[in-house]
Amino acid sequence: MKNTKHFVAVIILVILATVGLRLLFSFMFQLPTPASEEAIPIDIMFNVHFWLIAFLFGLIMVIMLYSALVFRRQPGDEEDAPHIHGNATLEIVWTVLPTITVIGFGVWAVGVLQDLVKPEPNEMVVHVTGRQWSWSFEYPEDDNARSSQLTLPVNRPVLLEMEAEDVLHSFWVPEFRVKQDLVPGQVTHLRFTPTEVGSYTLRCAEICGTSHAYMLAQVNIVSDSEFAAFIEDAKDNPAQYELAEERGAAWSSNEYLGCAACHSIDGSALAGPTWLNIMGRQEQMDDGTTITVDEAYLRESILNPNAHIVAGYNANVMPQNFDERIATLEADLGAQDIIGDLIAYMATLQE
Ligand code: CUA
């Protein structure tokens, strides 16, 4: 059997290539630290996929390179090579094996997915709202406490009920491995159990307009006692603050209206004009006119953002649903005149 030596050589080379490539992948495609129970089965699947990819790449490359190098035409060999007309056994093998593998992965993945979406008996519900371009979180089990950061107790299963106020967004914390879109007009769900105390970043993973890349929120996984303290803080209702400008500052944060995501208070230009020195400012509009910013102009800009566009900015960037959102907030929290509060706050931003 003079072919045996080639078979043995190829098998050894394929094994070496597979192990070598797998090691290379673990440097090239490092996953973030796993921080949820769900990360365990998902990482196992990643791992098996990486092994399979390494094996297939190694198998094809080794056979191709081995053939090209070892069986190349020798000098002076003018003979025609033997003609081969297919090989039924080989074709059956390379059809059946991949089919079984792909179906196997499919069945396995469905099993894992069913496990991930299964309700847990003691899960905590959190309402998540995504909008251009901020996140807010409400805790219905704790008097609708509200926060612009997602704070969760470690080792307690959570169920996120998620809504988008304008366009598609997507909830993604890479360390938890799970991901779910927010769809306008629907409530979508995501379950996971955080297992590592720490601070993580929620990233919007669905292109949603100008400031998509900045649609981030901090996620804190904390002990039970820290969580209780957080909830006490988050129950605070700005409608009860005494000063209009303090209420306005709270409404403008990501926790409520998210104005601050696009309007800086330090003079820098974000997706919208800065609020620093806004009151009384002469604004050049894109139609060449000039407007002096006063209360009437600010009200109009909040309720009907496309009425006038400041030169250098774009129309349709500011969401046009602030009238509804402000009305909902006023009804929910017993606030009087949120726009008035916002304008009172803007008027204090002078230097
Ligand atoms: Cu929201 Cu991208």
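Modeller: Residues are numbered from 1 along each chain as its sequence is written. In this predicted model, local features need pLDDT of at least 70, side-chain atom pairs count only at pLDDT 80 or more, and totals for chains, interfaces and linings use all residues, while side-chain values use heavy atoms, without hydrogens and water.

Biologist: Happy with that! Why is helix 1 called oblique to helix 2?

Modeller: Helix 1 and helix 2 pack at about 135 degrees, their axes 7 Å apart. Angles under 35 degrees count as roughly parallel, over 145 as roughly antiparallel, 65 to 115 as roughly perpendicular and the rest as oblique, so helix 1 is oblique to helix 2.

Biologist: And what makes helix 2 roughly antiparallel to helix 3?

Modeller: The angle between helix 2 and helix 3 (residues 88–116) is about 165 degrees. Because angles over 145 count that way, helix 2 is roughly antiparallel to helix 3.

Biologist: Which residues of helix 2 and helix 3 meet?

Modeller: Among them are Pro-41, Met-45 and Leu-52 in helix 2, and Phe-105 and Trp-108 in helix 3; contact means heavy atoms within 4.5 Å.

Biologist: What classes of residue line the largest pocket?

Modeller: The lining has 10 nonpolar, four polar and no charged residues. Ala, Val, Leu, Ile, Met, Phe, Trp, Tyr, Cys and Pro count as nonpolar, Asp, Glu, Lys and Arg as charged, and the others, Gly among them, as polar. Helix 1 gives the largest share of that lining, seven residues.

Definitions and conventions
Helices (H or I, at least four residues) and strands (E, at least two) are DSSP runs, numbered from the N terminus. Axes are lines fitted to C-alpha atoms, for helices over the stretch in contact, and angles run from 0 to 180 degrees between N-to-C directions.
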